[in-house]
Amino acid sequence: MAMPQGHRRFSWIRLRNRVWGVISNPFNMIVLISLVMLFCLVIIPLISILRTTFTLARADVRRAGGTAGDFTLYYWQYLLASNMSTSVLWRPLTQSLTIAFFTCIIAVPFGSLLAWLMIRSDLPGKKALNYLILIPYMIPSWCKAIAWLSVFRNSRGGAPGFLEGLGLTVPDWLAYGPTAIISVMVLHYYAFAYIMVSSTLRSVNSELEEMGEIQGASKLQIIRSITLPLVLPAVLSATIMTLSKALGGYGVSANLGARINYYTLAMRQHDFVDGNSKNLGYAMSILMVIMASGTLYANSLMTGKRKSYATIGGKGSRSISLSLGRAKTPLMIILMVFLVVALVVPLFILLMESFQITTGGGYAPSNLTLYNWIGELKDAPEGIQHVGIFKDSNFYSSFLNTIKLTIVASIMTAFFGQMFGYISSRGRGKWYGMLTEQLVFIPYLIPAVAFSAIYLAMFSVSHGPIPSLYGTFTLLVIVSMVKHFPFASRTGTANMMQISVELEEAAEVAGASFWRRIMSIVMPLSKNGFMSGFMLIFISIAKELDLLALLMTPKYRTLSFLAFSYSTSAQAQMSDACSICMIVFVMLTYWFSNKVLGADLTKTWG
Amino acid sequence: MSKIELKHIDKYYGSNHVLKDVTLTIEDGDFMTLLGPSGCGKTTTLRVIAGLEKPQNGVMLIDGKEMINAETAFYEMPGKRGLNLVFQSYALWPHMTVFNNIAFGLKIKHIQKQDIQSMVMDALEKMRIAEFRDRYPNELSGGQQQRVAIARAIASRPSLLLLDEPLSNLDARLRIDMRAELKRLHNEMGTTIIYVTHDQVEALTMSTRIALFSAGTLVQTAPPLELYTNPATLMAAEFIGNPRINFVAGKASCVNGRLTVQSDIGEYSFTEDIDLQEIPGGDFEAVLALRPEQIDIDVEPHDGYIESSVFASQPAGSETLLSIQCGKEQLLAKQIGIRDYSINQKIYIGFDPRKINVYSKESGKLLKHVRITHQ
């Protein structure tokens, strides 16, 4: 077949028109800017960190021999094949994998089941349940770790927790280590599976299931052979996401593991980067990226090309409810009890602990105080050198930082997310669309701690016109932004796919310029999706600890970090108080955006 | 009020060649329908004309002004081509009222506010939907949305109006009403209209000319009656007409300008209306094509009538369709009114040989056409 534009003689006019055609179209310029931006923020950091792991650092000159800046295999050798390998790499790796594995096999089926019950069954009390189910997502995972401690802490961790206070002995294996870490992670990450599977289920036309019913399939058969295969891609995505998060999670394991010297990969890596062996930490980050890519590759092998099904038909978006029959009430009660035990009780204990003088000392008036909230030094109990958080200027500056960072970073992230989403949805099947989609996805593969390590390495020195950003607010914003690009662009793509290209073409034919089309057609129509996407990112950044822990400097401490540092210095009540402020802040924001601006988290995944 | 010339247009999607060397001229004031089965390239042609697709080869002129020149990579922007488009999906902006949907394009053209007001109302009144001006698209029925989409396209008084299967989402009755309405609109405004459809009834009833597409190629351009009477190829003959045309296999030869065809429905010789250039030499396979309404049926034998039997009869009130077994061939005949035949009943069929089209089986080309006489 003759190829388009086969043998055509060179012509200046043609060249001029072609160049002009590319330049004068703002869409091309946006694509160009996005690609350059993604290259600088995603590819360059990755390359630079890889290079660092082969370059000898000054601090290691004496141990490794040679001169600073030399090419070296020292770091990789130390990690992979030295007498230290077992304790710095293999054991933490095994422990990380154990945690990630158990978290996945419990959290994903549980979240998916919840999603099915909520979307497809006639479970009573759905409205209240939906809110309760989403609360865990809004509470930072480290807050849950702290809540766990406030219940199970034993004498090893300083002041006793709730159960010890009742006179029970809490063994270490329950209070700290893998059991505790997995439990807390499951309680947190089931929300991923819930959000992703429920938005897929919502889009599956229930006529597909009704057809199965007409053919005489039983409820179980329908679920097994129609519903499950249709949501499988979403379930697998949720698995990968949970796996990646659990592998890279630092906050939960650090709170619950460090006390009994239970180290995960993320903890080791964090300590390396925070300490004197930065390059070792970077090498470890690369290993974590490779592991995450491996899980992703496995995912694509399993789902093959059928990443998602076109499940949306023009008609019949009405969703039927499969009757649960007599199981209805017991199921709801079980769910309610679960949610109360898993959420309400720990939150209550967390709240109460912030009023206690001695943690675990019961709720008698003699053990209750407002000191942790509003106390001043002159009233301080023995051994306490902190003022109550509301009297502490650190608290206000941290809170302010959190609000500032969250608002600035999430607005920018959501904006870029919509832009990338626009490019990928309008460039479906074209090279720039696919490239954008792939580049934007890379930060997803990099565990949070590794990600901040990379940025720390990149920006702690100046590069040409870019000054050293270490310890600046800008760096916090950039890191939060780039790390959330995958989410943001995913919600952006889902949002943009809903705006038919023909709506834009109709405006184009009417003579509207690109910017006019964006302003008058795309923006007004993507408003709700933008809000939901914004909320998803907002919550995620507000509670972020793993990502920012390495980058914290006194000036720009966030509330999450303040709570974390109280917790590690055995100031449980202070930590509780900060956590509560955090939770209230996130929930108020969600409530506001949900009621006033129409954001809905379960609809962001598209 | 525009003349459109497409010259040697090629359009590829990747290596998929969707428009193959399309050359088409649409005269000023034409109601040109692009007709063909789905996937034949008719919508792509429309989008090329609108400026939503850039062809890899070819030139397009509107009123002599160059709009596309692939050689110099020049593509005029859609908004500057003086045309408007009605989408199959209507593509009404859901966040704007009917009024604002229509006013949008006028605002872009920096038209005075009072003029916009009067132009929008004018378009709304023309489409008889003035009372819906403050509604949102989702508060309207399909037929009303369709009217808004057309009103939006005609408000700026474009010299060229493009319509992409605009009636396909309407129910049968509304479709007939809208056909009449569009025909009137064309008449009143005098605008050149290019209309895409796969529905041949729409094409035959509305157009001044039809361009028939097949697999990315333009097969034939002709006025509706001409296209119906003399389809240029066997494929075109098969596509146009409902119930479909009868094909009868035959053996043919041409000696001294006399084309002779032997078949199960008899032997025929033609000296007039034949295209000698297309006729192969020697004996060759031919196909006789005869429209169902050209077949006359009688229960008594007649001179020149052929004995046949009734295979099945389908009376449908205003007309009766009759499947006839004639030798080894099965023919379809259409008679006006209700007729009653029983299965296997013996009948006699006759027709005017001048109403037969003859095609070459090998090339599929028309060898002998039917002279068009207006009764």
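Helix packing and burial

Reply: In chain A, helix α7 (residues 141–152) packs with helix α26 (residues 572–595) at an angle of about 140°, their axes lying 10 Å apart; axes are lines fitted to C-alpha atoms, for helices over the stretch in contact, and angles run from 0 to 180 degrees between N-to-C directions. Helices here are DSSP runs (H or I, at least four residues), numbered from the N terminus. This is a predicted model, in which local features need pLDDT of at least 70 and side-chain atom pairs count only at pLDDT 80 or more, while totals for chains, interfaces and linings use all residues. Residues are numbered from 1 along each chain as its sequence is written, and chains are lettered from A in the order in which they are written.

Me: How is the angle between α7(A) and α26(A) classed?

Reply: Angles under 35 degrees count as roughly parallel, over 145 as roughly antiparallel, 65 to 115 as roughly perpendicular and the rest as oblique, so α7(A) is oblique to α26(A).

Me: Which residues of α7(A) and α26(A) meet?

Reply: Contact requires C-beta atoms, placed from the backbone, to lie within 7 Å; by that rule Cys143(A), Ile146(A) and Ser150(A) in α7(A) meet residues of α26(A) including Ser575(A), Met582(A) and Ile583(A).

Me: Is Ile139(A) buried or exposed?

Reply: A residue is buried if 20 or more other C-beta atoms lie within 10 Å of its own, exposed if 12 or fewer, and partly exposed in between; Ile139(A), with 24, is therefore buried. Ile139(A) sits in the loop between α6 (126–138) and α7 of chain A, and, leaving aside residues up to four places away in sequence, touches Lys144(A) and Ile583(A).

Key
Helices (H or I, at least four residues) and strands (E, at least two) are DSSP runs, numbered from the N terminus. Two residues are in contact if their C-beta atoms, placed from the backbone, lie within 7 Å.
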